[in-house]
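Please take a look at the sequence and the fold before going on.

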Amino acid sequence: MADFSSFVTAARAAVKADTSSADLTQIAAAQPALRPLVAANPSADAALLDWLEAQDDTFVKAAVAARHSKDAGETFGASAPVRRASWVVPVIVAVALVAAAAGVGIGHWAWPPKDTSPMSGVLAAPQVVPPDGNSTDFTKSAWIQVPGTPKPDALIVDVQFDYQCPYCGKLEQGYDQAFADLAASGDIILRYHLRTFLDRFGGNSSSTMAGIAAACADVVDNTKYAAYHNTIFANQPATEGTGYTDQQLRSDFATAAGFTGDALTTFQACYDRRATRDWVAYSEPNNAGLVQNPNPPNTYLFGGNAPLYYDPSTGQMTNDTTNGTAAGVQGTPMLLVNGNVISWGGLFDANGNPAIAQTADSLLTYLQQSAGM
């Protein structure tokens with residue numbers, strides 16, 4: 001019998017298709033945090049799935065339900081009706097957190113990226129760098145900073161997001177204007193870190209395409225970047241995985257953000273030619289991993305000064321160096337202030353409504369207090 005007392009050993013076995021159902025049963029018993037991964041493994045037999053479903057764990061039950069849906073042949077993707085329930089993406093993100101923390105080679109962390117749908121049938125254009133990006137080197141791309149003139153004591157606020165992440169949408173829809181006002185006043189340095197891992201799980205390319213469009217907005221008129229970014233989230237589909245259409249990304253959202261005339265035409269040309277594709281492609285692995293930041297003040301490109309650690313007992317990424325495996329940011333949304341992770345959940349009450357006033361002053365106070373200032 002294999003020894004699965006090691007979390008890393010168990011996690012690596014949990015995602016291998018040739019791991020037997022008997023071994024998967026042992027993993028589920030020895031490592032409760034890995035049960036969503038066990039449920040997703042095609043080798044898990046009916047008896048094991050029934051046992052997992054009987055456990056008093058919402059995420060595990062949801063993972064089993066997702067497995068049953070997959071086995072039944074449901075289609076997930078932008079071109080077909082999406083029939084998954086609202087819990088599917090949180091479960092997938094939880095599984096990704098566990099696997100990535102253990103160093104497991106799951107597909108959406110693979111690098112370099114495959115040549116997938118964002119460039120299908122498109123003649124590759126010369127690539128451009130967003131003027132407010134963190135680096136002119138594509139291989140170091142990580143964030144786009146909202147234009148502004150920071151005060152000497154401005155907080156550095158790093159927001160990790162995926163345009164298809166529902167909780168990212170909740171965060172942005174609740175406090176987008178307050179964040180924008182603080183960046184404009186110079187009280188914070190607001191840096192948006194694009195993530196695209198939900199493309200791999202959702203079977204579409206909407207996170208990538210939305211990222212290409214937002215980067216193009218910064219290229220064409222950086223004063224409209226924040227407006228375009230916020231417009232995407234303001235129009236996030238109610239059903240997870242539905243994604244965004246080309247009509248929305250190249251026309252509707254651009255117009256709503258204030259692009260007109262020649263600027264709109266230039267923006268559409270940038271989007272159509274995928275001219276910011278390389279910038280977007282490198283952002284995902286650079287934020288997920290521990291990639292050194294060549295420019296001060298933060299040590300790593302994900303915005304932190306120290307590695308983050310996944311604590312399997314709580315399911316959280318923290319700055320606590322005593323639990324888990326060192327990594328970058330493995331889930332979204334994530335807020336960092338001056339390099340340290342803070343709670344974004346405190347911005348909402350138990351019903352998912354804003355818990356503080358949706359004003360710049362209230363948000364600044366929250367950020368300062370959360371950062372221990």
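## The lining of the largest cavity

In this predicted model, the lining of the largest cavity draws at least two residues from each of E3, helix H9 (206-220) and helix H13 (277-288). H9 gives the largest share, with three residues.

The space in the largest cavity is about 70 Å³, and the protein has two cavities of 30 Å³ or more.

## Helix H13 and its cover

## The open sheet

Now for the sheet. Five strands make up an open sheet with mixed pairing, and their order is E1-E3-E2-E7-E8. Strand E1 (144-145) and strand E8 (340-342) are at the edges with a single partner strand each, so one side of each has no neighbour in the sheet. Helix H14 (residues 360-370) packs on this sheet, where it touches strand E2 (155-162), strand E3 (188-195), E7 and E8. The direction of H14 makes about 100° with that of E2.

In general, strands of a sheet pair through backbone hydrogen bonds, in either a parallel or an antiparallel way. In which sense do E7 and E8 pair? Strand E7 (residues 334-337) is antiparallel to E8, and three bridges join the two. Across this pair, Leu335 stands opposite Ile342 of E8.

## Backbone features in the loops

The peptide bond from Thr332 to Pro333 is cis, with omega near -5°, and Pro333 lies in the loop between E6 and E7. A cis peptide bond also runs from Pro296 to Pro297, with omega near 10°. Pro297 belongs to the loop that lies between H13 and strand E4 (308-311).

Two residues other than glycine have a positive phi: Arg274, near 55°, and Asn338, at about 50°. Arg274 sits in the loop between helix H12 (261-272) and H13, whereas Asn338 sits in the loop between E7 and E8. Are these residues buried or partly exposed? Arg274 has a relative accessible area of 10%, so this residue is buried. Asn338 has a relative accessible area of 30%, which means that this residue is partly exposed.

## The protein as a whole

Stepping back, the protein has 14 helices and eight strands in its secondary structure. Of its 373 residues, 50% count as buried. How many of the contacts between residues at least 6 apart in sequence join residues at least 24 apart? The share of such contacts in the protein is 67%.

Methods
Residues are numbered from 1 along each chain as its sequence is written. This is a predicted model: local features need pLDDT of at least 70, side-chain atom pairs count only at pLDDT 80 or more; totals for chains, interfaces and linings use all residues. Side-chain values use heavy atoms; hydrogens and water are left out. Two strands pair if DSSP finds at least two bridges between them. Helices (H or I, at least four residues) and strands (E, at least two) are DSSP runs, numbered from the N terminus. Contact means heavy atoms within 4.5 Å. Axes are lines fitted to C-alpha atoms, for helices over the stretch in contact, and angles run from 0 to 180 degrees between N-to-C directions. On a 1 Å grid over the protein atoms alone, a cavity is a set of points where a 1.4 Å probe fits but cannot get out, and a pocket is an open set with protein on both sides within 12 Å along at least five of seven lines; lining residues have an atom within 4 Å of a point. Grid points are joined across faces, edges and corners, and a volume is the space filled by probe spheres set on the points. Buried means under 20% relative accessible area, exposed over 50%, partly exposed in between (1.4 Å probe, protein chains only).
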